[in-house]
Amino acid sequence: MLGICRGRRKFLAASLTVLFVPAITWIYLFAGSFEDGKPVSLSPIESQPHSPRYMASSQRERESLEVRMREVEEENRVLRKQLSLAQSRSPAHHHGNHSKTYSMEEGTGDSESLRAGIVAGNSSECGQQPAVEKCETIHVAIVCAGYNASRDVVTLVKSVLFHRRNPLHFHLIADAIAKQILATLFQTWMVPAVRIDFYDADELKSEVSWIPNKHYSGIYGLMKLVLTKTLPSNLERVIVLDTDITFATDIAELWAVFHKFKGQQVLGLVENQSDWYLGNLWKNHRPWPALGRGYNTGVILLLLDKLRKMKWEQMWRLTAERELMSMLSTSLADQDIFNAVIKQNPFLVYQLPCFWNVQLSDHTRSEQCYRDVSDLKVIHWNSPKKLRVKNKHVEFFRNLYLTFLEYDGNLLRRELFGCPSETDVNSENLQKQLSELDEDDLCYEFRRERFTVHRTHLYFLHYEYEPASDNTDVTLVAQLSMDRLQMLEAICKHWEGPISLALYLSDAEAQQFLRYAQGSEVLMSRHNVGYHIVYKEGQFYPVNLLRNVAMKHISTPYMFLSDIDFLPMYGLYEYLRKSVIQLDLANTKKALIVPAFETLRYRLSFPKSKAELLSMLDMGTLFTFRYHVWTKGHAPTNFAKWRTATTPYRVEWEADFEPYVVVRKDCPEYDRRFVGFGWNKVAHIMELDAQEYEFTVLPNAYMIHMPHAPSFDITKFRSNKQYRICLKTLKEEFQQDMSRHYGFAALKYLTAENNS
């Protein structure tokens with residue numbers, strides 16, 4: 001019906017234009033001889049009919065009039081052509097409203113309209129429905145389980161946040177993995193006017209586990225059936241979305257469609273855009289029963305209060321039990337059961353226009369929808385192939401998806417001004433801490449970085465590892481940025497044990513890393529590497545925050561605190577596990593030192609034994625680490641003694657000591673005030689000493705630093721005097737904090753610093 005209204009509007013506008021433009025033109029020309037409502041007076045000479053000035057003026061006026069008349073005639077010609085086209089298209093519009101094609105007006109409710117407000121669809125009038133209230137909360141439910149789905153849902157959320165103008169309340173039905181990942185992500189994202197609630201998907205398994213399901217979504221693909229039971233009893237309505245959805249408009253437009261539901265309509269769905277439920281895709285294809293083409297459940301509007309009153313739980317269970325007697329299993333998970341229920345009870349469904357769920361699967365007929373729709377609302381990648389689906393317009397849709405995939409999520413921390421939001425304790429504490437800083441302080445940016453909350457996505461790739469049962473397992477911990485990705489494969493070849501890595505990346509770089517990892521046989525064969533993305537924000541490299549993130553998310557009792565530029569010796573993992581037992585690390589406060597060496601050669605024949613390494617040291621192929629630029633950093637290791645040592649030996653702490661150590665997982669964190677280059681490891685080793693850790697050098701362990709271009713932070717340290725001044729100030733403040741915390745025992749650090 002809306003299409004008819006639009007056609008009438010166009011016809012009326014064009015008709016009025018054709019009739020009134022000539023009249024308006026003549027009025028304009030006539031009025032041109034008046035100024036301020038009075039006739040323009042001519043001088044006596046100009047008013048003489050046969051005067052040269054009069055004749056010249058008349059000639060100019062005639063020429064001007066002729067030009068203007070030609071312009072008006074051309075405008076009229078164009079308008080008449082547009083009017084003719086509008087009239088010739090009118091029958092097609094009427095036909096489209098009654099035919100079963102994916103036109104813009106498809107649906108029980110006609111076209112949704114546009115950012116200014118929602119046009120009434122079930123009415124024959126051309127009026128408008130009231131828009132969603134400015135501060136009305138929109139509720140969205142998503143079932144999310146596992147590592148890949150947790151990554152996919154972020155893109156969906158980004159697309160919703162990008163367009164939204166209302167507070168949002170996400171209800172996430174998540175397994176333990178997704179909950180850990182997404183709880184951390186949203187806690188560190190700190191988006192205003194967004195609330196997140198989690199519901200344990202594992203507790204819901206018993207509700208649907210009796211239904212055999214062939215769909216790749218597995219048991220979690222059936223959980224939308226139990227939302228009336230799962231979600232809060234006082235929640236009246238909710239939009240339910242699959243994780244492979246991308247929004248191209250404000251979700252409030254979809255929320256407003258609830259106002260169009262009438263009678264017993266409780267489900268808002270888009271018709272399925274494939275022939276699946278028609279049963280003609282291949283020979284002997286036997287789908288579940290459905291009304292016509294059936295409906296796709298990637299986007300659902302649920303009136304929860306009415307569904308509960310209708311005893312939805314009993315309704316779908318009885319239908320599923322009956323159909324399973326002949327169908328044996330579902331092929332499309334919850335969608336089959338929803339459609340079987342609708343087949344028996346067609347009055348339950350309100351058919352949404354097709355643009356609310358443009359389905360991109362291999363057998364889709366979605367082109368018949370979007371070829372007539374200039375304002376697409378929702379894209380649905382409902383194929384196991386996702387972005388690799390066969391569709392001649394897939395590049396257009398892929399670019400839309402990639403826009404949000406690589407979009408900087410930090411830019412979505414927008415306030416909704418005028419809307420009261422719930423008190424966020426973390427946000428309030430952050431604001432309080434920042435307000436206590438002096439913005440005129442020359443080291444303000446350094447101090448501010450300590451309190452910056454970086455958006456963090458844990459376990460960006462699939463992770464699967466059970467620590468060894470003998471409680472000797474060790475995880476290698478490191479951090480890196482995009483320019484060190486090339487080290488990952490080599491480290492994985494040298495260290496077969498679990499690894500925890502924190503990567504400092506932008507959203508776009510995170511996707512580059514994903515493609516790099518998925519294209520690497522070495523990385524894809526390892527499921528015991530945890531990749532934790534810390535998203536870029538601010539001007540400094542938050543090296544100690546990254547280390548803390550990687551340390552916090554290990555599952556072993558011990559960790560080897562390394563750096564990404566080092567390759568551990570072959571067999572170090574097993575050697576460290578034996579050393580843990582030998583030195584009773586479980587019951588003593590020890591830090592086991594792995595001696596560090598370096599090479600200046602990019603191509604190195606890596607030593608396979610201590611004897612081979614000593615030979616390379618003597619030949620000048622290897623050096624003790626940083627001996628030529630920062631001897632103090634590793635001198636206390638006592639490399640001369642290490643050359644002949646056959647048993648572990650103890651060394652004492654000295655100023656600026658920064659070895660690489662193996663410690664228990666309960667060791668103190670790194671101090672976040674140190675960012676970029678300088679003192680980040682030194683401060684940590686100092687705190688270990690203050691807590692009375694015993695430093696023990698392992699006689700048959702070693703690691704080698706591989707050459708690389710200088711980092712941006714070390715370049716700033718060397719070239720920027722203020723950088724060095726601020727680092728010195730932070731060191732002094734750290735030492736003062738140590739004295740306050742550890743008392744008299746910490747005075748030696750001040751003395752050692754003064755003597756160094």
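These legends walk through close-up views of a predicted model. Residue numbers start from 1 along each chain as its sequence is written, and side-chain values rest on heavy atoms, with hydrogens and water left out. Because the model is predicted, local features need pLDDT of at least 70 and side-chain atom pairs count only at pLDDT 80 or more, while totals for chains, interfaces and linings use all residues.

**View A. Strand β5 is covered on both faces.** Here we look at β5, residues 138-144. Helices and strands are DSSP runs numbered from the N terminus (H or I, at least four residues, for helices; E, at least two, for strands). In β5, 7 of 7 residues are buried, meaning under 20% relative accessible area with a 1.4 Å probe and protein chains only; over 50% is exposed, and in between is partly exposed. In a regular strand, side chains alternate between the two faces of the sheet. One side of β5 carries Ile-138, Val-140, Ile-142 and Cys-144, and the other carries His-139, Ala-141 and Val-143.

**View B. β5 pairs with β6 and with β8.** Strands pair if DSSP finds at least two bridges between them. β5 and β6 run parallel and are joined by 7 bridges; look for Ala-141, whose bridge partner in β6 is His-171. To get from β5 to β6, the chain passes through helix α4 (residues 146-163), in a right-handed β-α-β crossover. Right-handed means that, with the strands pointing away from the viewer, the path from the first strand over the helix to the second runs clockwise. β5 also pairs with β8 (residues 237-241), again in the parallel sense, over 3 bridges, and Ile-142 stands opposite Leu-241 of β8.

**View C. β6, helix α5 and β7 form a right-handed β-α-β unit.** The helix in this view, α5, covers residues 176-189. β6 (residues 168-174) and β7 (residues 194-200) are parallel partners over 7 bridges. Among the residues involved, Leu-168 has Val-194 in β7 as its bridge partner.

**View D. The largest cavity lies between two domains.** What is the volume of the largest cavity? It is about 90 Å³. A cavity is a set of points on a 1 Å grid over the protein atoms alone where a 1.4 Å probe fits but cannot get out, and lining residues have an atom within 4 Å of a point. Grid points are joined across faces, edges and corners, and the volume is the space filled by probe spheres set on them. Of its 13 lining residues, Val-154, Lys-158, Leu-405, Gln-511 and Tyr-535 are closest to the centre. Helix α4 gives the largest share of this lining, 4 residues. Domain 1 (138-412) and domain 2 (456-746) both contribute to the lining, so the largest cavity sits between them; the domain bounds come from an automatic or database assignment.

**View E. The second largest cavity holds about 60 Å³ of space.** Its lining includes Arg-547, Tyr-660, Lys-681 and His-684. The largest share, 3 residues, comes from α23, which spans 680-690.

**View F. Tyr-216 sits in a loop between α6 and α7.** Is Tyr-216 buried or partly exposed? Tyr-216 counts as partly exposed because its relative accessibility is 47%. Ser-331 is 115 residues away from Tyr-216 in sequence, with a C-alpha to C-alpha distance of 9.1 Å.

Conventions. On a 1 Å grid over the protein atoms alone, a cavity is a set of points where a 1.4 Å probe fits but cannot get out, and a pocket is an open set with protein on both sides within 12 Å along at least five of seven lines; lining residues have an atom within 4 Å of a point.
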